[in-house]
Amino acid sequence: MAYFPLFVDLKGKRCLVVGGKRVALRKARALAEYGGEVFAVAEVFCEGWEGWKGVKEPVLIRRRAVLADADGMDLVICAASDAVFHREMSRYCRERAILVNVADSKEESSFLFPALVRRKDVVLGISTGGNSPAASRYLREEIDRRLPENFGALVEKLGSFRELVKETLPKQKEREEVFSRIFFSALEEGEVKEEMVRALIQDYARMNTRDNR
């Protein structure tokens, strides 16, 4: 059965990462980039856990993880090399309704950690239901290669004109058609200009007025 994609606001959420190697580091960094408050527990941390720029660094706890580390957390990521402890932590979290993801074990996970492509507020999460990390990685790389670097900025700019369209066009169907025209025009031009947006709105309003006579 396929998993339902649910986008969650992680700002201020307490996230525990068990493990200090590269997989744990990658997941911890992703959580922090989306606003999560990250706590990482491991006896040894690989290079890269310190000196982060642009995001809040994790709290590093240099010891062996214990089940009680999950207390008070909003979600837990198990990415160490201890399958037995992962299984115990998964059970512990599930009993306390704490979201848990266990690397390489979808059966012990209550949620999956997707492959991510991001352009500002535009985020694509890719999952194969835990069946093929290689396929997820392939899709992420293909989408990342094809998606323009300025796509997020373009969409952000489009969002700034939503109120203008709503104020000008009272009907939902009209707004949807205009939003679509603005988007594809902006995609073709590679930028969004206010005069272009206003011209499209005016053209659509004139066309509707003519058709309704």
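Which residue lies over the face of tyrosine 34, and at what distance from the ring centre? I found that arginine 118 lies there, at 4.4 Å from the centre of the tyrosine 34 ring, where a charge counts as sitting over a ring if NZ of Lys or CZ of Arg is within 6 Å of the ring centre and within 35 degrees of the ring normal. I also noted arginine 96, which lies over the face of tyrosine 92 at 3.5 Å from the ring centre.

Before going on, I wrote down that this is a predicted model, in which local features need pLDDT of at least 70 and side-chain atom pairs count only at pLDDT 80 or more, while totals for chains, interfaces and linings use all residues. Residues are numbered from 1 along each chain as its sequence is written, and side-chain values use heavy atoms, with hydrogens and water left out.

**Aromatic pairs**

I looked up ring pairs next and found four aromatic pairs in the structure, taking rings of Phe, Tyr and Trp (its six-membered ring) as paired if their centres lie within 6.5 Å, with planes under 30 degrees apart counted as stacked, over 60 as edge-to-face and the rest as tilted. One of them joins phenylalanine 45 to tryptophan 49, edge-to-face, at 5.2 Å centre to centre and with 75° between the planes. Phenylalanine 45 counts as buried at 13% relative accessibility, and tryptophan 49 is buried at 2%; buried means under 20% relative accessible area, exposed over 50% and partly exposed in between, with a 1.4 Å probe and protein chains only. Ring pairs link Phe45 and Trp49 with Trp52 into a cluster.

**Cysteines**

I searched the whole structure for disulfides, meaning pairs of cysteine sulfur atoms within 2.5 Å, and the search gave zero. For cysteine 15, the closest cysteine sulfur is that of cysteine 93, and at 12 Å it is too far for a bond. Cysteine 15 is buried, with a relative accessible area of 0%.

**Nonpolar cores**

I then turned to nonpolar cores, each a set of buried Ala, Val, Leu, Ile, Met, Phe, Trp, Tyr and Cys residues joined through side-chain atoms within 4.5 Å. The largest has 18 residues, and those with the most contacts inside it are Val17, Leu31, Trp49, Leu75 and Ile77. Helix H1 (22–33) is among the elements that give two or more residues to this core, and H1 gives the most, with five residues; helices here are DSSP runs (H or I, at least four residues), numbered from the N terminus.
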